[in-house]
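These are my notebook entries from an afternoon of looking things up in one protein model.

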Amino acid sequence: RDDLVGVSRRLRGVAAAAARSVGPMLREAFRAPLEVSVKTGPQDLVTEHDRAAERTIVRHLLRAHPDSRVLGEEGGTQGAGRVLWLVDPIDGTTNFAHGLPHFCVSVAAVLDDDLVAGAIYDPIAEQMFTADLTGAWRDGAPLRSRGAPTADQAVILSDYPAGRDLARGPVAEVTFGALAREFRSVRRGGSGALALAYTAAGWADCTFATSTNPWDIGAGALIVQQAGGRYLAFSADGEPVTTALHEAPNYVAFAGDADYPQVTALVRGR
Ligand code: IPD
Ligand code: CA
Ligand code: CA
Ligand code: CA
């Protein structure tokens, strides 16, 4: 256990340094002329900078911790080492491509199926959120999240309903409308990872999403939990899942001991 704590501390440093290493290139690329490609459709973009940032991050990780393998959004899997890194080089590509200054780099370390370290770096605000098995921090300061006790005092961050939810029929619009009425505010920011970081900080009381990938949530899930919040993930059929590597989990995260059962029910499809 002592060993594992030490390893997680070291991996947190590696994750943070790798995420920060692409700060200058992302700041320089932001709002400069840009080539944007669509992946699966007009709501799913990628730029040359997503790919370049991922290459730089992966090189950094493999150099700093050679016993590694990587699962990255733009590059797929690489390496065969013991530590698995989940890398999202730009979370919030649509914001980045449109000139909206709300996106981040997310890097998480998984050891034997458990999240042990994570870093979420906002290169525009130059703000770093990190966690290991001993705590969570924003820059140097420990994070301790507290959530609002009732919905009418709570701010929710979520990109729900996304295209895939809307494709399932009008139920998503109806449930979204109900949340918008009940909560103080429901905001769609465009970066799931930053939404988790903000929930960990207690700036938002809750965030949730549907059909996410491991690289979207790895770092944020650990940061929320280590800040004293709760992170709950569910499979597509609404069953609890415990591994960060689960395919396309639906999740809800609460700041501190906040609990809004209507959000959990929505996420579970109940
Ligand atoms: C996206 C962001 C967004 C979420 C999308 C993700 P990307 O990640 O996290 O908040 O709503 O589902 O795909 O593609 O910008 O890395
Ligand atoms: Ca993407
Ligand atoms: Ca993402
Ligand atoms: Ca991305």
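**Entry 1: a turn to start with**

Which residue takes a positive phi in the hairpin of β9 and β10? I looked, and it is Asp139, with a phi near 50°. The hairpin has two residues between its strands. Before going on, I noted that this is a predicted model.

I stayed with this pair for a moment. β9 and β10 run antiparallel and share two bridges. Trp137 stands opposite Pro142, which sits in β10.

Then I stepped back one strand. β8 and β9 also make a hairpin, with two residues between them. They pair antiparallel through four bridges. One pairing I wrote down was Asp132 with its bridge partner Gly135 in β9.

**Entry 2: the sheet these strands belong to**

What is the order of the strands in the open sheet of eight? I read it off as β4-β3-β5-β6-β7-β8-β9-β10, and the pairing is mixed. At the edges are β4 (76-79) and β10 (141-142), each of which pairs on one side only.

A reminder to myself: strands in a sheet pair through backbone hydrogen bonds, and they can do so parallel or antiparallel. I wanted an example of each, and β5 gave me both. With β3, β5 pairs in the parallel sense over five bridges. With β6, β5 runs antiparallel, and six bridges join the two.

Is β5 mostly covered or mostly open? Mostly covered: nine of its nine residues are buried.

**Entry 3: helices lying on that sheet**

Next I checked what packs there. Helix α1 (residues 2-21) lies across β5, β6, β7 and β8, and runs at about 30° to β7. Helix α7 (residues 192-201) packs on the sheet as well, touching β5, β6, β7, β8 and β9. The direction of α7 makes about 100° with that of β7.

**Entry 4: the other sheet**

How many strands form the open sheet that starts with β12? Six, in the order β12-β11-β13-β16-β14-β15, again with mixed pairing. Its edge strands are β12 (185-187) and β15 (240-241), each pairing on one side only.

I picked one pair to follow. β13 (residues 206-209) and β16 (residues 250-254) are antiparallel and joined by four bridges. Phe208 has Val252 in β16 as its bridge partner.

Then α7 turned up again. Helix α7 lies across β11 (155-157), β13 and β16, and runs at about 155° to β13.

**Entry 5: two domains**

I looked up the domain assignment, which gives domain 1 (2-139) and domain 2 (151-268). Their C-alpha centres lie 20 Å apart. How many residues does each domain put into the contact? Domain 1 gives 30 and domain 2 gives 25.

On the domain 1 side, the elements supplying at least two residues each include β3 (68-72), β5 (83-91), α4 (93-98) and β6 (104-111). β7 (114-122), β8 (127-132) and β9 (135-138) are among them as well. By class, this side of domain 1 has 15 nonpolar, nine polar and six charged residues.

**Entry 6: the ligand**

Why does ligand 1 lie between the domains? Domain 1 (2-139) and domain 2 (151-268) both give residues to the shell around it, so it lies between them.

There are 13 residues around ligand 1, and those that come nearest are Asp91, Gly92, Thr93, Asp159 and Gly192. β5 gives the most to this shell, with three residues. The shell has three nonpolar, five polar and five charged residues.

**Entry 7: one last residue**

I ended on Arg51, which lies in helix α3 (residues 48-64). Why does Arg51 count as partly exposed? It has 17 C-beta neighbours inside 10 Å, and buried would take 20 or more, while exposed means 12 or fewer. Arg51 and Ile90 are 39 residues apart along the chain, and their C-alpha atoms are separated by 9.1 Å.

How values were computed: Residues are numbered from 1 along each chain as its sequence is written. Chains are lettered from A and ligands numbered from 1 in the order in which they are written. This is a predicted model: local features need pLDDT of at least 70, side-chain atom pairs count only at pLDDT 80 or more; totals for chains, interfaces and linings use all residues. Domain bounds come from an automatic or database domain assignment. Two residues are in contact if their C-beta atoms, placed from the backbone, lie within 7 Å. Ala, Val, Leu, Ile, Met, Phe, Trp, Tyr, Cys and Pro count as nonpolar, Asp, Glu, Lys and Arg as charged, and the others, Gly among them, as polar. A residue is near a molecule or strand if its C-beta atom, placed from the backbone, lies within 6 Å of it. Two strands pair if DSSP finds at least two bridges between them. Axes are lines fitted to C-alpha atoms, for helices over the stretch in contact, and angles run from 0 to 180 degrees between N-to-C directions.
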